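Biologist: I am new to reading models like this one. Could you take me through it one feature at a time?

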Amino acid sequence: MKLDVNILRYLSKDDFRVLTAVEMGQKNHQIVPLPLIDSISGLKHGGAYKCLRELLKHKLVHHDGSRYDGYRLTYMGYDFLALRVLLNRGHICGVGRMIGMGKESDIYEVSNEEGEVFALKLHRLGRTSFKAVKSKRDYVGKRTSFSWLYLSRLAALKEFSFMQALWDNGFPVPQPIDHNRHAVLMTLVEGHTMVQVNKMANPGQVYLTCMELISRLASKGLIHCDFNEFNLLITEDEEITLIDFPQMVSVSHANAQDMFDRDVECIIKFFSKKIGYSPEMDPALPYVRPSLQDAVANLDEKLDVGLAASGFKKKHQEHLEAFLAQPREDRESSSSEGEGEDDDDEE
């Protein structure tokens with residue numbers, strides 16, 4: 001569904017109070033009962049119901065009366081909650097065209113009052129989970145399902161935290177500006193994804209840059225785990241920018257070597273098949289495959305340890321890894337509409 005930000009001008013403070021009430025109710029309910037929404041919002045004389053009709057009209061909430069009279073957020077409703085915070089903080093004043101769409105995120109051009117253009121990434125883990133509402137819940141014991149709100153917010157928190165740490169350490173990543181809920185605001189980087197490239201003026205140099213970047217990440221205690229042509233931007237001058245960090249893990253991970261090797265082989269495969277450049281046949285290269293052991297031996301700062309202080313903690317990593325480890329087609333059945341973790345960073 002297209003993100004129609006013009007709707008914002010028609011929404012009142014009470015509308016957002018009710019929208020926030022639905023969000024809060026979804027921490028413990030798959031479908032939030034109307035009396036609970038009424039209680040959380042604090043509006044009198046049936047004000048919540050009046051607002052819900054307005055929110056329904058704009059498809060910011062979904063009504064479900066199959067078991068009881070209740071409501072849940074749509075992704076657009078969650079989008080508007082995040083956008084309102086970024087708007088109130090003065091970071092954005094307008095939303096432009098969509099510049100990227102994946103199965104688990106959408107990216108838009110946004111601008112501030114000074115006319116500066118940024119990129120806004122909206123995480124959408126469990127995007128297809130609205131197709132079916134699970135009847136069986138897992139309220140006790142080890143969790144096997146989590147709210148799509150919670151998962152998407154975790155992905156955004158992780159991306160912002162890792163991007164900030166990498167930016168502060170001089171890595172070629174977009175500069176993070178702010179985040180709220182499932183939204184991450186960052187600088188707009190020129191260039192296009194490397195998957196769109198068929199030939200390069202200096203393929204050997206670009207290849208070496210990629211390998212050095214993989215090694216440098218490991219020397220800071222990190223493995224990207226999805227280092228490929230889809231997550232690398234390249235400019236006309238063949239400068240590289242790394243994007244997308246939801247699957248990044250520590251070098252202390254049990255499968256660190258396999259993940260490191262997979263990142264390396266993905267780049268070798270791309271250059272060999274798409275660019276027509278075979279690294280193994282280039283005698284000018286100082287090496288073809290970097291060594292994880294050598295990179296870790298030069299480890300000077302463990303960014304993965306420091307990131308715990310940013311709010312992205314070990315339990316968050318475990319929850320995200322459990323979700324991302326599933327086959328993509330199975331993720332919709334493990335991301336529910338409710339049962340969010342109680343991480344209150346909303347405004």
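This is a predicted model: local features need pLDDT of at least 70, side-chain atom pairs count only at pLDDT 80 or more; totals for chains, interfaces and linings use all residues.

Modeller: Let's start with G42, which follows helix α2 and has a positive phi, near 75 degrees. Residues are numbered from 1 along each chain as its sequence is written, and side-chain values use heavy atoms, with hydrogens and water left out.

Biologist: Which residues of α2 are buried?

Modeller: A residue is called buried under 20% relative accessible area, exposed over 50% and partly exposed in between, with a 1.4 Å probe and protein chains only. In α2, which covers residues 34–41, the buried ones are L34, I37 and S41. Seen down the axis of α2, they fall within an arc of 60 degrees, so they line one face of the helix. That arc is taken from the directions from the helix axis to the C-beta atoms. The face turned away from the buried side carries P35 and S39, both exposed.

Biologist: What do the buried residues of α2 pack against?

Modeller: Contact means heavy atoms within 4.5 Å. The buried residues of α2 pack against α1 (13–25), β1 (32–33), α3 (47–57) and β3 (70–73).

Biologist: Which residues of α3 are buried, then?

Modeller: In α3 they are G47, A48, C51, L52 and L55. These cover an arc of only 130 degrees around the axis, which puts them on the same side of α3. K50 and K57 are exposed on the other side. The buried residues of α3 pack against α1, α2, β2 and β3. Just after α3 comes K59, with a positive phi of about 60 degrees.

Biologist: And the loop between α2 and α3: is H45 buried or exposed there?

Modeller: H45 lies in that loop and is exposed, with a relative accessible area of 83%. H45 also has a positive phi, about 55 degrees, although it is not a glycine.

Biologist: Now for strands. How many bridges join β2 to β3?

Modeller: Two strands pair if DSSP finds at least two bridges between them. Four bridges join β2 (residues 61–64) to β3, and the two run antiparallel. V61, for example, has L73 in β3 as its bridge partner. A hairpin through five residues joins β2 to β3.

Biologist: In what order do the five strands of the open sheet come?

Modeller: The order is β4-β5-β6-β9-β8, with antiparallel pairing. β4 (94–101) and β8 (176–180) stand at the edges with a single partner strand each, so one side of each has no neighbour in the sheet. Neighbouring strands of this sheet are turned by 25 degrees against each other on average, direction ignored.

Biologist: Which helix lies across β6, β8 and β9?

Modeller: Angles run from 0 to 180 degrees between N-to-C directions, and axes are lines fitted to C-alpha atoms, for helices over the stretch in contact. Helix α5 (residues 148–168) lies across β6 (117–123), β8 and β9 (183–187), at about 160 degrees to β8.

Biologist: One last residue, please. Where does N231 lie?

Modeller: N231 lies in the loop between β11 (222–223) and β12 (232–234), and is buried at a relative accessible area of 6%. A polar contact is a pair of N or O atoms within 3.5 Å; within protein, one must be able to donate a hydrogen and the other to accept it, and residues adjacent in sequence count only if both atoms are side-chain atoms. The side chain of N231 reaches the backbone oxygen of D226 at 2.8 Å.

Biologist: How many helices and strands does the protein have?

Modeller: The secondary structure comes to eleven helices and 15 strands. Buried residues make up 51% of the 347 residues.
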